[in-house]
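Thanks for coming. Please have the sequence and the structure open while I talk.

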Amino acid sequence: YAIMAGSVVSIAVQFGLYAPLVRELTDNSDETREILLRYTSLRFLIMLVTLAVTAFAVYYIGLPTHLAHMTCIVAIGFGFRRMAFTFFADLRVHGQQRIESRIVMRAVVCSFAYAFLSLALGFGPRALSAYLLIWGFVLSYFAYKAVEKKYGSLLSGSLKRELLRPTLSTGTLFAAVALLRLGFHHTTIFFLERSSGSSAVAYYCASLGVVDVTIMVISSLYLEAVFFPEVNKIWPKDRERTFTLFRKNALWLLAITMPITYFLFIESKTMIGIIYPASYASSVYVLQCMAFTIPLFCLASVFYHFLIVTKQERTLLALSLSAFVVNIFLNGKFVLSHGIIGAAMVPVFTGLFRVLQYLIICQTRHKLFSLFDVLVPLGCCVFIVAAHKTMSQLLPLHLDLIVALGIYVALLVIYRLLTHGPLAWQKAQ
């Protein structure tokens, strides 16, 4: 209950405000102080309302006192952690991700130091859950201080109240898109629980957790924190360069995620066996299928940010809505009749549909890719499979895959050095 409530508060405080915030900070750099004050005020107001609703829900459900306190503490911590992203957006726009990483490390150290101390002193779960509260407070405090150092106190600035309604309206559109994207896996879980019970949901979520880690690193830590703020600055000045950056990043993400996908597909039994007990054997097939969602989701995320940068939000909403409808249809078709096997296939088919519709829109309007670009991921797949088959004749199990993928990664690094690194610079000289 506590983590679920915290996640709801986190999603509500986000409320689709990150993308419009980055855009405003880029387009109106002279009004940064007012922009940060406006978005901070909106998020704080949304957080207070959501926390009040959470407290009422806890009271209405009738949770035990200690569990009710834990739920409220965790929800507040998640809310303040999301509040910090208002200030992180400014750091990202100005290429100061190192400051953000240092702030995150402080929050992690402080919160986990408290958590380990609480365990050592024998504190109960209620006191232990406060580590998430400390994490959120420390993150928000130092993120605000980093911004205050540049612009002065936000509290002394003037708030343009007439812009609150348009900002909230834009945020509502992005929030709808975010909720539709969030609903893909939750819809599958809903259908799976109805068809096969809670044990099948546990097997599905086990594989989903492995895949989500990879997707989170690429989507959240790279595309949202680094790539999106950078291309958002370039778009008004040089649109052709923006198209080139999106095309190259899409191809590079495919090249990077291919070996990860292949590794999870081949070693799924080993991975599940290491992380989970023997009863989770059904998760092996799910992981083999869901491994293919990694390149699909990352490619869809590139197109998602492309439509945001090029200010095609309504198109993005329409595409997200159509993908959600297709996802519901696929769940009704496969999950109810085939159980966990169908649930494993639904994310792959949904991902394919999302990528195809994004690709059609971007290609017809902007001609992002050439025929050669389409052959690149196919060439990567062929090379990985061929290298693994060759190494399997020479090396023992597991080692053959490691060596094959190592050769592939080494060739990628060499190509990168020849085209963008010091070797390319020396050649130009």
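Glu24 and Arg38 are both buried. This is a predicted model, and in it the two residues form a salt bridge, with the closest N and O atoms 3.0 Å apart. Glu24 lies in helix 2, residues 18–27, and Arg38 in helix 3, so the pair ties together parts that are 14 residues apart in sequence.

Arg38 has a relative accessibility of 1%. With the cut-off for buried at under 20%, that value is why Arg38 counts as buried.

Glu34 is found in helix 3, which covers residues 32–61. Glu34 and Arg38 are 4 residues apart in that helix, so about one helical turn separates them.

Is Glu34 buried or exposed? Glu34 is buried, because its relative accessibility is 8%. Leaving aside residues up to four places away in sequence, Glu34 touches Ser158, Leu159, Lys160 and Leu163. Taken together, Glu24, Glu34 and Arg38 are linked in a network of salt bridges.

How many salt bridges does the structure hold? The count is 8. One more of them to look at joins Lys311 and Asp27, where the closest N and O atoms are 3.9 Å apart. This pair links distant parts of the chain, 284 residues apart: Lys311 is in the loop between helix 13 (293–309) and helix 14 (313–338), while Asp27 is in helix 2. Lys311 is partly exposed, at 48% relative accessible area, and Asp27 is partly exposed too, at 38%.

Now to the surface. A nonpolar patch there is formed by Phe383, Ile407, Leu411, Ile414 and Leu418, and together they have about 410 Å² of accessible area. Which helix gives the most to this patch? Helix 17, residues 399–420, does, with 4 residues. Leu418 lies in helix 17. Its relative accessibility is 49%, and since exposed requires over 50%, Leu418 counts as partly exposed.

Last, a word on confidence. The mean pLDDT of the protein is 86, and 97% of its residues reach 70 or more. Over residues 422–429, pLDDT stays under 50. For that stretch the model has 6 contacts beyond four places in sequence.

Conventions:
Residues numbered from 1 in each chain as written. Predicted model: local features only at pLDDT ≥ 70, side-chain atom pairs only at ≥ 80, totals over all residues. Heavy atoms only, no water. Patch = residues over 30% accessible without salt bridge, like charges linked within 9 Å, V, L, I, M, F, W, Y side chains within 5 Å. Areas by Shrake-Rupley, 256 points an atom, 1.4 Å probe, with all protein chains shown as cover. Salt bridge = Lys/Arg side-chain N within 4 Å of Asp/Glu carboxyl O. Helix = DSSP H or I, 4+ residues; strand = E, 2+ residues; numbered from the N terminus. Buried < 20%, exposed > 50% of the residue type's maximum accessible area, 1.4 Å probe, protein only. pLDDT = per-residue confidence, 0-100. Contact = heavy atoms within 4.5 Å.
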